[in-house]
Amino acid sequence: MVDESNVNLNSQEDPNREGDTQETAPKPSGGRAIKNFIVSGLGKVGSHSELIKTVFKWVFVVGMFVASIFVFLSHNWSVASILLIISLIVFKLSKNSFLRTLSLIFIFASLAILASYISSPVIDAFSHKNTPTPWQDTTHDKLARGVHTYNTKFAKLVKSSREYIQHQVDCAEGNCPMGESEGPQVGMMLSTPQLMYAHHVLVGDPLDFSSTLTGINLDLYPDVVVYPFCSVEGETSFEGVNFNVSPKKIYMSDLSNGVVPIMCNAVAIPSTYLMNTIETGVRFNFTTTSDLRLVIMKSTLRNALESVYGTNFLPFVFEINSSQVAYYNDGPINLGMRISQMPLAARAKENSAFLIFALNNQWYSANGAILKINYMNISLPDGLVLIPKKPYCPFVEKGNGVYSLDPSFKLNSPVSSVLSFFCGIKVSKFNSQFPVWTPHIDVSVNYEYELNSSNDIPIYKPDESNRPYSYDGSSSFADQNFSKDCSSLNIDPNNLPPSKYVKQFTSSLYAQQIQRGVEDGASKYGLPGFSKVQMEALLLGIMVMETGVGSNPAADGDGDGIPDHIAGCTGCSSGYNNVYKDIVNAAKALKWNYEDNCKNYSAYPSRLDCALHAYNKGPKADPNDKTNRDIYRPTVKAAMNQWINYLCSSANSGGVSK
Amino acid sequence: MRFWSLFLVFVFLMFLSGCSSQSSFNVFNPYTGSDALVVSLMPSAPPEITYSGIPYKIGFKLTNYGALDIHNAYIVVGTDDFGGAKISNPSASFDLKGKKSTHFFRGETTYKFFDAVAPKLTSSQQVTNILLTYLVCYPYETKSQISLCIDTNPYNPSSGGCRFSPSVDVAPAGGPVNVVNVKESPVPLSSDTIKLRFVITVKNLGNGLVLSYDNYKSLCDGSVDYKNLGKVKVSASLSGSPLECYPSSISLMPSSANPETAVFTCYSSPMKMRSSFTSLLTVDLKYGYFLSGSKKLQVYKLS
């Protein structure tokens, strides 16, 4: 007997099958066979079939639920995945509420299993991963989530400093070699100084040289000021030479990731022969701090853990490296610290533990060194006592746990490598409620640091035996203003110096020195009533008269284009002449004659004629000595006019110092 | 009908999964695993990075994965002592029910939070790191129930209703300290009387340190006497009848020669020889357990 109501369940899915069920029942499909079995079983109950069917259905559902629980307990993700797929298919395709309910149960069960493989705070509450140690569990959580919580307000700061800071932290934990605390991340470098103008320098020349200072990430120290300096050292001392240094000071933040030229100009150079080394450098005061975490344990705890794990038990108990060094260093010095006993027992005896710290020069490759230690302080927490003892630990107690470097301590020489100290330390009081006390020892050192760079340059010795006027660099006229205005002068652009002279002046080997000499000579030793252009032209006119600016008729033994007479060395035959200084000296001599020897110039048409005659014949020259008298002065003055025309012509207005 | 076919496939797979070697449809048994209290720091408490002088939270998730309850567990937290760094109320006590009480696959979980303040950095410091350390101490008991085939006849060991094995490896029973092996042998006392001897090997399978049950807190407050380290009180019974065990307290001290393993021997009361039978050996191990850990935080200067 067949229960019609059950048969009709199938008829809803496929109406054609109703007839099949009744007429071709002998070969049912697998699912239909089970259904037929169930239905046939229910049919035997007779009038209670509906009740029994319902009870049977729910027993079946509960049974499958229990089965799903077992699947859940098996905690097998592959089974759960298969269960999920099958359940989804059944749920999707079935229109039978019973089957849909059943598949939903399986879906939830399998999802619960699969979810347990995903780490999250919620799901974690329902599943247990075998996390053997607390710290491993922490790591697991961190990795599983993969995202650290950052305060976005400081994200930019963190990002910009991350590389440096990470390096610093790594070094702080003892993971970087000595002297590479910051490595290439932070630092400065001075280039080799080079002469600015001349190929070589003679004694008495202006000594101008420069080098470049390069900084890397120095904006970390915005308040530190760097002071450049210049110096010259030689076989005979150049002591007392003053330099104009530009710039006078540099903030590290301005130097960060950039280049600043340091220019040096000697104010006065002794006129003595020297073999020299020019040097540029910077000095600055810097404070490096460092702190070391100590691990101090109650003696009982320390002894107990030591008895279990051995002396080096910190890595086992707290994952702390027993031999860690200080973990914060900065600037040119790596201030490393270490304690000889870690962990320290609370009742450590005197001399049972030592604090070792060292100033390691980490900018040594940039030729840096500590010149002087301004101060050095060690700060200990209450409960720790330092045991100063010279010479290894030259400190004096200042109170409140602060120990300062003994004022009598002096460096024997600049520290270019390592300066180390070795102090006893003991625990006078265990100052913690926690059985593991982790105080910090802070060390702060302020020092004067110097970076320098040098270069050997040859400074040649001129023959000064006949030099008429020595140059002392001083001039009461140095600041006199000369008019460069050519408007008041009658300019004849057709009356110009010969082109060979102009070429010497503009593009010869010594053109730059000639120009500077003429300009400086005119500025420093200008004659009263002469404009700057007139003075420059006068000096150029003298040069024409004396040498033709490098050509005959005047003697020019060294061939530098400057008359030997002007140069003050009538017998010059080697390369000791100096173009610049020769011209300046000529200007000085002319002025001396003009002011001192020609106060009474009634014998001459003008005071300038007197000065030129005295320049040509000497200060005691007889005004009536007509030798060259009527040639020299007119020639110089004619040449002077030509140069005025040249300097004031439209293309050259403004004179030499254009 | 295809749905029923799929259903049959599912049922088949479900039973097939029961044959898996790695998992089984075991009825829930709380006496499994080698964990008891598991301590983990909350993911963002403390944060990976904090800032000079800023308060932050330290949170712990404490879960009992052991079979039995934990009473009066104690946790204490410490941080570096500089720059005003501190933790308010750095210790706490708690109880956690075990798997046997919760009838679940883990016991209770609780969360403990501590208020801390990061140190203030000096003017020249850009960053530093600080160390958080924590110590956890709790008393615990591992109850191992081992089904053994008892052989009372030394002269004919194969007789009886079960298969005798002189050495049985034992799975962890829901605690860090566990019986790992039992060696059983009958000791003849007369021609028809024997004593059963059980040589029981115990091992610390956890990652913590064992200390005596009565002084379980001493490592956390620093008052520990090293003589109490590794001490485990042992007792055993066979089908409810107490056994005489020597020594009554064993020491699980880690060393290269002795990797936190100890052995003790228990004897049953004299009994008549008979054919072999299955009986339940129950071993109680009482001890204190110590866990520790640390975490480094980076402290940045506010600028």
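Two strands are said to pair if DSSP finds at least two bridges between them, and strands here (E, at least two residues), like helices (H or I, at least four), are DSSP runs numbered from the N terminus. The structure is a predicted model, in which local features need pLDDT of at least 70 and side-chain atom pairs count only at pLDDT 80 or more, while totals for chains, interfaces and linings use all residues. Residues are numbered from 1 along each chain as its sequence is written, and chains are lettered from A, with ligands numbered from 1, in the order in which they are written.

Chain B contains 19 strands and 3 helices. In this chain, strand β10 (residues 177-188) pairs antiparallel with strand β11 (residues 193-204) through 11 bridges, and within this pairing Val187(B) faces Lys195(B) of β11(B).

Ser237(B) belongs to strand β13 (residues 231-238) of chain B. Beyond its neighbours within four places in sequence, Ser237(B) is in contact with Pro242(B), Leu243(B) and Thr282(B), a contact being two residues whose C-beta atoms, placed from the backbone, lie within 7 Å. Of the 303 residues in chain B, 46% are buried.

Conventions
Buried ≥ 20, exposed ≤ 12 C-beta atoms within 10 Å, placed from the backbone.
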